[in-house]
Amino acid sequence: MIYLQLLWVYLKIGIFGFGGGYAMLSLIQADVVDNYKWITLQEFTDIIAISQMTPGPIGINSATYIGYTAVMNAGYPPGMAVLGSCMATFAVCLPSFILVLIISYFFSRFKNNKYVEAAFMGLRPATVGLIAAAALLLMNRENFIDYKSFLIFGAAFILTWKFKIHPILMILLAGIAGLTLYW
């Protein structure tokens, strides 16, 4: 039963998740944390943090982690949890794959059409809104932002922007700073 629920939830997220992974976060949280209660809000936040650091799109990474965790939390063995992970990842990718095939077929014909251009112009602000909603969603009790967090953010911003520090090195430095400041 959980596999069909994972399939349904992630197909729905894949279809309506315009704007990429960050735009999908509010949809994912609504179903996975609030409706089905497969994971807690703290687990969701941790999964998002891990998904940001691992290679690949955040929506697919989070689907993989959440599929595994949801099945494990339902009491199934790890082998079955891998199946849940595969199911969620497949389901979130399938709608995009099909849409890209369809759009690529028709886009060359209609790319200069004023209605198509207007639709794309309308999707831009909606995408920005969904990404902003994801940022607000991650600002919760479990993720209390204090002056130490702002200090790490400010240092990371300046080091990346002014001194062109490589992102992987910046992640490591931020982790070390977090250990030092919060331990």
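Is F153 buried or exposed? In this predicted model, F153 is exposed, with a relative accessible area of 55% (buried means under 20%, exposed over 50%, and partly exposed in between, with a 1.4 Å probe and protein chains only). Because the model is predicted, local features need pLDDT of at least 70 and side-chain atom pairs count only at pLDDT 80 or more, whereas totals for chains, interfaces and linings use all residues. Residues are numbered from 1 along each chain as its sequence is written, and side-chain values use heavy atoms, with hydrogens and water left out.

F153 and F157 both lie in helix α7, 4 residues apart, or about one turn of the helix (helices are DSSP runs of H or I with at least four residues, numbered from the N terminus). F157 counts as partly exposed, at 46% relative accessibility. I158, also located in helix α7, is partly exposed at 44%.

The structure holds 5 aromatic pairs (rings of Phe, Tyr and Trp, the last by its six-membered ring, with centres within 6.5 Å; planes under 30 degrees apart are stacked, over 60 edge-to-face and the rest tilted). One of these is the stacked pair of F153 and F157, at 6.2 Å centre to centre and 25° between the planes. Ring pairs join F153, F157 and W161 into a cluster.

Two lysines are placed over aromatic rings (NZ of Lys or CZ of Arg within 6 Å of the ring centre and within 35 degrees of the ring normal). K162 lies over the face of W161, 4.8 Å from the ring centre, while the charged end of K148 sits over the ring of Y182, at 5.2 Å from its centre.

Notes
Helix = DSSP H or I, 4+ residues; strand = E, 2+ residues; numbered from the N terminus.
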